[in-house]
Amino acid sequence: MPEGHTLRRLADGIAERFAGHVVAVSSPQGRFAGSAAVLDGTLLIGAESWGKHLFIAFEGDRFVHVHLGLYGSFNLADGPADGPAPPPVGQVRLRIASGGESPSYADLRGATACDLLTDAQRRAVLDRLGPDPLRPDADWTRAWDRVRRSKVAIGALLMDQEVLAGVGNVYRAELLFRHRLHPLRPGNTLRRGQFQAMWLDLVALMVEGVRTGRIDTVRHEHEPGEMGRPPRKDDHGGEVYVYRRTGQDCHVCGSRVRTDVLVGRNLFWCPRCQPRFRSRAEAKPALRR
DNA sequence: CCAGAATGTCCAA
DNA sequence: TGGACCTTCTGGT
């Protein structure tokens, strides 16, 4: 489900199957029917993601903007769209289908946004987004400039798509754990090198997420096999330190993982590995300033 | 079987 | 700050 790595995989999968093809576009559910009719039988040029946003480019300055929200899905499959029975689960808002030698189709369900935009409108969406760790041209200092000047909790800043685009609740929880940061630490108490290290780590984690389609964040020595615990079975399928592990033992120190709600979203952290207040060693450089 | 929760965002008060 | 959106999965009856 959808954090930035999911959208990147979708963009890649759509481009791979449909770029350069004249495609059939429809809206079985009906809510995108007018726009689908405009696009039907036109050339699909490519697809890209930025953060959790997906843009599918068609000829004639037309872009389908998709945001999956909390529970949207975009299922890509090979084979004819009306072939032997992919069961019609849910309501298909948008279907893209190609014919020819190797037919494929893509079904969109439950998305928060599915709109037909011009390039100017697409750029207006992008202008409101911070750097995406998955984009090679991303400038992490733009995110840092927001973080360093803000008293807002780092746990909230990481989820703010204007600060940094693509992080959701899982990457937030896990990145804070891996860097021993309490979610409520104000952004302006972080150090530059610390934030840079977080960014680089996030890039590596998300690149791995694109490769595998899961969010795995535990280091080798904390993997189930190494620690003799059963592998995690969960929606996102990956091995994590704290996300949705409330009340369970921290893999590193054994403390009970805690939870709370911040800006309407669930927080998870280890009270011992992620202390609320800065340690003396950490506080020193700030005092010298 | 049904209530509730979920990796997200927007809008109204 | 709380509800709407609209879909799937889980856990408790």
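Helix α6 (residues 169-178) packs against helix α7 at an angle of about 135 degrees, their axes lying 11 Å apart. Helices here are DSSP runs of H or I with at least four residues, numbered from the N terminus. An axis is a line fitted to C-alpha atoms over the stretch in contact, and angles run from 0 to 180 degrees between N-to-C directions. The angle makes α6 oblique to α7; angles under 35 degrees count as roughly parallel, over 145 as roughly antiparallel, 65 to 115 as roughly perpendicular and the rest as oblique.

This is a predicted model, in which local features need pLDDT of at least 70 and side-chain atom pairs count only at pLDDT 80 or more, while totals for chains, interfaces and linings use all residues. Residues are numbered from 1 along each chain as its sequence is written, and side-chain values use heavy atoms, leaving out hydrogens and water.

The crossing of α6 and α7 is right-handed, meaning that the near helix is turned clockwise from the far one by less than a right angle. On the α6 side, Tyr171, Leu175, Leu176 and Arg178 make the contact; on the α7 side, Met198, Asp201, Leu202, Leu205, Met206 and Gly209 do. Contact means heavy atoms within 4.5 Å. These residues divide into seven nonpolar, one polar and two charged. Ala, Val, Leu, Ile, Met, Phe, Trp, Tyr, Cys and Pro count as nonpolar, Asp, Glu, Lys and Arg as charged, and the others, including Gly, as polar.

Helix α7 (residues 192-212) also packs with helix α1 (residues 4-18), at about 45 degrees and with axes 8 Å apart. These two helices are therefore oblique to each other, and α1 passes α7 in a right-handed crossing. Gly4, His5, Arg8, Arg9 and Asp12 of α1 meet Met206, Gly209, Val210, Arg211 and Thr212 of α7. The residues of this contact comprise two nonpolar, four polar and four charged.

Conventions. Chains lettered and ligands numbered in written order.
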